[in-house]
Amino acid sequence: MEADIAMDMLEEIRVIINANLESLIEEQKAIFGEVAEVSGNVLLAGGKRLRPIVTYLVYQMAGGDDIDAILPLAMAFELIHTATLVHDDINDNSSVRRGKPTMHSMVGQSKAIIGGDWLFVQGFGLGGIYNEDVVKVMADCCAKIASAEFMQIDHVLNLATSPEDYLEIVKGKTAGPFAAAAKGAAMVADLGSSESNKLFEFGMELGIAFQLVDDLLDVVGDERIGKPRGIDVYEGKMTLPLIHALTILHGDEREELESIITNFDDSKFERLIQLLEIGGSINYSEILVNNHLERASQYLENFDDCDAKSLLQFVVSMVKNRNS
């Protein structure tokens, strides 16, 4: 499928999802007032809607033909994702998200915590219309998000963080929602457990690659990514390029990298990049991105060719080349 055609088709899906999210927020504002308005503003502030798009496409690839049957689940995962962003921004004391003020910077921490909770509840309200097995997939996903968040907080500025620690956090926090969305969509389409599990693994591989690309963008930099370059380093997050370099470098270079990470400021950024290049850590991360995306593509090969499958393959390529 040509890139221009694929982009147009994905945009059509995104427009449908956005329209339904906007309708939901308008309905809820009339009932819940300020909390719905403030939370809705964050939800509708932008984003590629990659999770609901994956949900939508997996459902179609799995043989689902009733759009109204999958839209609530697609929206549910976007609401849950946005809730985690609101709470992340509070934990990280971030003032900007997607180029716009974060919720807590506009209405204060107390209201932002409640707003994030409200988004979670709305997500589960939509997901609750499905059968018990689908709801369990959602609940398990959210529990793992919380567990991963706890673990990530424990590893802030922890120079002993291992690649295994990192992967566990990523699987729970970032990749898990992709995996759960894909599996849930397959289940709504009445796909068997074996095929549904393959799509769970597809989502997991896609989500891991998504986070690895995010790590790279943080250090390589791109003014379009919606957050300042190096913000993860400022916040003490142990991303894979840092973990790999700490593993590879020795002696003075390792000590210098430790000092840069624990006392980071803009003046040290170029030297940080140099040390990551010396350790081959940027190249290593790029190789892993390709490996995980190749595995994601391989899971798709288990399914018959169709437009939805072609679009999912295009989404895989988008993750590799994404800039936001």
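A: Let us start with handedness: the crossing of α11 and α12 is left-handed, meaning that the near helix is turned anticlockwise from the far one by less than a right angle, whereas clockwise would be right-handed. The model is predicted, so local features need pLDDT of at least 70 and side-chain atom pairs count only at pLDDT 80 or more, while totals for chains, interfaces and linings use all residues. Residues are numbered from 1 along each chain as its sequence is written, and side-chain values use heavy atoms, with hydrogens and water left out. Helices (H or I, at least four residues) and strands (E, at least two) are DSSP runs, numbered from the N terminus.

Q: How is the packing of α11 and α12 described?

A: Two packed helices are described by the angle between their axes and the distance between the axes. Here, the axes of α11 (residues 240–248) and α12 (residues 251–262) come within 9 Å and cross at roughly 150°. That makes α11 roughly antiparallel to α12. Axes are lines fitted to C-alpha atoms, for helices over the stretch in contact, and angles run from 0 to 180 degrees between N-to-C directions. Angles under 35 degrees count as roughly parallel, over 145 as roughly antiparallel, 65 to 115 as roughly perpendicular and the rest as oblique.

Q: Which residues of α11 and α12 meet?

A: On the α11 side they are Leu242, Ala245, Leu246 and Thr247, and on the α12 side Arg254, Leu257, Glu258 and Ile261; contact means heavy atoms within 4.5 Å. The residues of this contact divide into five nonpolar, one polar and two charged. Ala, Val, Leu, Ile, Met, Phe, Trp, Tyr, Cys and Pro count as nonpolar, Asp, Glu, Lys and Arg as charged, and the others, Gly among them, as polar.

Q: How do α14 and α15 cross?

A: The axes of α14 (residues 281–300) and α15 (residues 307–321) come within 10 Å and cross at roughly 175°. That makes α14 roughly antiparallel to α15. By class, their contact has six nonpolar, three polar and two charged residues.

Q: Which residues have the most contacts inside the largest nonpolar core?

A: They are Leu57, Val58, Phe202 and Leu206, in a core of 100 residues. A nonpolar core is a set of buried Ala, Val, Leu, Ile, Met, Phe, Trp, Tyr and Cys residues joined through side-chain atoms within 4.5 Å. Leaving aside neighbours within four places in sequence, Phe202 is in contact with residues including Val54, Val58, Ala296, Leu300 and Leu312.

Q: Is Arg49 buried or exposed, and where is it placed?

A: Arg49 lies in the loop between α2 (34–43) and α3 (50–61). Arg49 counts as buried because its relative accessibility is 3%. Its phi is near 60°, a positive value in a residue other than glycine.

Q: Is Asn93 buried or exposed?

A: Asn93 counts as exposed, because its relative accessibility is 62%. Asn93 is in the loop between α4 (67–92) and β1 (96–97), and has a positive phi of about 55° although it is not a glycine.

How values were computed: Buried means under 20% relative accessible area, exposed over 50%, partly exposed in between (1.4 Å probe, protein chains only).
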